[in-house]
Amino acid sequence: MQMQEDMIRTIEQHVRDTAAEIGRDALSARLVAALRKVPRDRFVPRGEERFAFSDSPLPIGHGQTISQPFIVALMTELIDPQPGHRVLEVGSGSGYQAAILAELVSEVYGIEIVSALARRAADLLRELGYDNATVKAGDGWHGWPEHAPFDGIVVTAAGVGVPEPLKQQLRIGGKLVLPVEDGAGWQNLDVIERTGEKTFSTRHIIPVRFVPLTGTH
């Protein structure tokens with residue numbers, strides 16, 4: 001599909017433009033194949049399909065959005081997904097990020113705080129044949145300890161600070177990618193790697209704008 005190819009080219013150009021900040025100048029071939037395979041137009045509301053392959057976020061209802069394709073690709077790339085990995089996604093929304101991840105890793109566990117969106121995402125992922133992706137309704141701040149440890153965690157909503165439960169559910173060597181507010185209204189995309197039983201390293205990537213992380217925390 002030409003629109004999908006145009007989207008991928010735009011993403012690849014953004015990667016080249018931000019190479020100094022993100023630490024790479026190209027996406028992995030596996031990720032490009034996943035972007036080419038997953039039908040993003042299935043994950044947007046009816047009537048919005050013509051905008052599905054633009055490199056921009058789109059509203060999906062309940063005050064939530066499907067993330068900009070470049071940001072989906074970047075966050076996926078930053079956790080370095082491998083075929084045997086188990087990945088947690090917090091803020092599954094439409095399920096698009098989970099579908100991309102499901103193309104790249106063995107197990108994907110998604111949590112979405114809006115029950116209606118969680119049901120819709122789970123149904124669509126099942127319909128598209130992603131049997132290795134599970135989405136449930138819940139507060140992702142607390143993670144999903146029953147399936148921990150995770151090789152990668154992706155958080156697609158911003159809060160002040162980093163949820164401690166998510167850090168503790170990382171495998172040593174695993175990476176947590178999330179937007180973090182600085183308390184003054186700005187957000188930055190961070191990569192937190194677990195380097196030991198009690199040690200973590202943090203790398204700041206680029207400024208971003210995400211919907212707020214909500215929940216009882």
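E197 is exposed, at 58% relative accessibility, where exposed denotes over 50% relative accessible area, buried under 20% and partly exposed the range in between (1.4 Å probe, protein chains only). The structure is a predicted model, in which local features need pLDDT of at least 70 and side-chain atom pairs count only at pLDDT 80 or more, while totals for chains, interfaces and linings use all residues. Residues are numbered from 1 along each chain as its sequence is written, and side-chain values use heavy atoms, with hydrogens and water left out.

The side chain of E197 meets that of R194 in a salt bridge with an N to O distance of 3.8 Å; a salt bridge is defined as a side-chain nitrogen of Lys or Arg within 4 Å of a carboxyl oxygen of Asp or Glu. R194 is buried, at 5% relative accessibility. In total, the structure holds 10 salt bridges.

Among them, E107 pairs with R86 at 3.4 Å, N to O. Because E107 lies in strand β4 and R86 in strand β3, this pair ties together parts that are 21 residues apart in sequence. Strands (E, at least two residues) and helices (H or I, at least four) are DSSP runs numbered from the N terminus. E107 is partly exposed, with a relative accessible area of 27%, and R86 is also partly exposed, at 21%.

A further salt bridge joins D151 and R171, whose closest N and O atoms are 2.9 Å apart. D151 belongs to strand β6 (residues 150-155) and R171 to strand β8 (residues 170-181), so the pair ties together parts that are 20 residues apart in sequence. D151 is buried, with a relative accessible area of 14%, whereas R171 is partly exposed, at 34%.

Pockets were identified on a 1 Å grid over the protein atoms alone, as open sets of points where a 1.4 Å probe fits, with protein on both sides within 12 Å along at least five of seven lines; lining residues have an atom within 4 Å of a point. The largest pocket is lined by 31 residues, with T65, S67, T156, F210 and V211 nearest its centre. Strand β2 gives the most to this lining, with three residues. Elements that each supply at least two residues include α4 (69-78) and α5 (96-102).

The second largest pocket is lined by 16 residues, of which R42, F43, V44, R120 and L124 lie nearest its centre. Helix α6 (residues 115-127) provides the largest share of this lining, six residues.
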